Structures are given as C-alpha cells and as structure tokens.
Amino acid sequence: MAEKKIKIVVAGPYAAGKTQFINTISEIETVKTEARTTKAGEKEKKDHTTVAMDFGRIKIDYEHTLYLFGTPGQARFDFMWDILGKGMVGLVVLVDSTDPATFHEARRIINFFEARYPAPFVVGANKQDLKGAWSPEDIRTALDLGEEIKVIPLIATDKENVKRVLLELLEEISKYI
Ligand SMILES: Nc1nc2c(ncn2[C@@H]2O[C@H](COP(=O)(O)OP(=O)(O)OP(=O)(O)O)[C@@H](O)[C@H]2O)c(=O)[nH]1
Ligand SMILES: [Mg+2]
C-alpha cells in the first residue's frame, strides 16, 4: 500500500524546544540546519539555533507516516514559515513555559498560521520540568486561546510526552477528515 504522508509543522518562539521535540521522536536522524548563535540576547541562551528547518519522520501505522518540519524560531528567518507551511495538515506550537517574554511571539506565530495556512493545531507547554514553568491553563489565558484549543503539558526530551502531543494533534486532524 502506498505510504500516506502527513505533514506536520512544529513552530514556536526562539529556544522553545522545536529541534529537541523532533529529535526526541524522529526515527531517522533529524536533518538539522543549525548555526552558532551570534546575536546578543540569543547566545546567552544557547550555542546553536535553527536557521532554515528541522526535518524528522515517524511511521505511525502500516500506511501513515508523519513528516515533521521544525521552523526557525528567530523572527529574521520567518520567511521560512511560509515555505514550510505549504501543504501542512496540522501544527504544533511550542512555548517555553518558563519564559513569558516569548508568549507574545507565540501568539504572533499562531496568528500567522491561522491566516495563511489554517489547520488544526495544539500548543505544547514545554519545559514543564523546570522551576517557574507556567501551567497550561495560565498559558492558555496568556495566549488568549479558546477552550477548544488543547494546551498540553510537555517535556520535549521525553519520548512519551512528545508522542502524546502528536496523538492529540492527530485526533484534532481526524475531526476534519
Ligand atoms: N529542561 C528542558 N530543556 C529543554 C526542553 N526542551 C528543550 N530544552 C532545551 O532548550 C534549549 C532550546 O531547545 P531547541 O530545541 O534548540 O529550541 P528551538 O525551538 O529549536 O530553538 P531555535 O531553533 O533556535 O528557535 C535546548 O538547550 C534544549 O535542550 C524541556 O522540555 N526541558
Ligand atoms: Mg531549532
């Protein structure tokens, strides 16, 4: 039987954990396009940043395979959102739950995809293992999301956690097909 490809985009602000999310779950070695961070305000956070995309893949049953595309988080690469959004059937928006300064950017990303590539999406409230992480409900309020949008607690280094987010998204997608 022909393989059915399901294109999922993983978006979110800088350092939200998008590359980590795809690394944790991909069956193939993730294709990464990371460069060293150079800008003030960015390199204090981490050494590397995605400049084009991440790509990972996971087979979910005998005929369906998820193709996961991670966006770059930094606003200066946001032209990639448009390229990666084409043909996507679902979106995961990750936020660093410990970094409320990035929530506004997360909202901007949601607005972009809702306007340009409307598709079911879920929000991953990432880094729940860290002190000071906002609860999913508080993040829902901060991002002004309706009750119908799932905001899922997440630790992106944990495979079961990542799997759960993808299953929740697939459940949302299945409502439309
Ligand atoms: N403690 C903890 N650290 C995490 C978690 N998820 C990601 N990280 C760390 O957070 C940092 C940023 O993760 P990345 O996956 O590089 O973030 P990104 O969203 O791809 O970042 P850009 O591509 O630069 O926008 C890395 O040091 C990760 O190891 C998590 O759930 N818990
Ligand atoms: Mg990245």
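## Basis of the model

Residues are numbered from 1 along each chain as its sequence is written, while chains are lettered from A and ligands numbered from 1 in the order in which they are written. In this predicted model, local features need pLDDT of at least 70, side-chain atom pairs count only at pLDDT 80 or more, and totals for chains, interfaces and linings use all residues; side-chain values use heavy atoms, with hydrogens and water left out.

## The shell around ligand 1

There are 17 residues around ligand 1, and those that come nearest are Lys 18, Gln 20, Lys 46, Thr 49 and Asp 129. A residue belongs to this group if one of its heavy atoms lies within 4 Å of the ligand. By class, six of the shell residues are nonpolar, seven are polar and four are charged. Here Ala, Val, Leu, Ile, Met, Phe, Trp, Tyr, Cys and Pro count as nonpolar, Asp, Glu, Lys and Arg as charged, and the others, Gly among them, as polar.

## Contacts with oxygen atoms

Polar contacts are pairs of N or O atoms within 3.5 Å. A polar side-chain atom of Lys 18 lies 2.6 Å from an oxygen atom of ligand 1. For Thr 19 the corresponding distance is 2.9 Å, and for Asn 126 it is 3.0 Å.

## Helix H1

Helix H1 spans residues 18-25 and gives the most to the shell, with three residues. Helices are DSSP runs (H or I, at least four residues), numbered from the N terminus. Six of the eight residues of H1 are buried, that is, under 20% relative accessible area (1.4 Å probe, protein chains only). The buried residues include Lys 18 and Thr 19.

Conventions. Polar contact = N/O pair within 3.5 Å; in protein donor to acceptor, adjacent residues only side chain to side chain. Helix = DSSP H or I, 4+ residues; strand = E, 2+ residues; numbered from the N terminus. Buried < 20%, exposed > 50% of the residue type's maximum accessible area, 1.4 Å probe, protein only.
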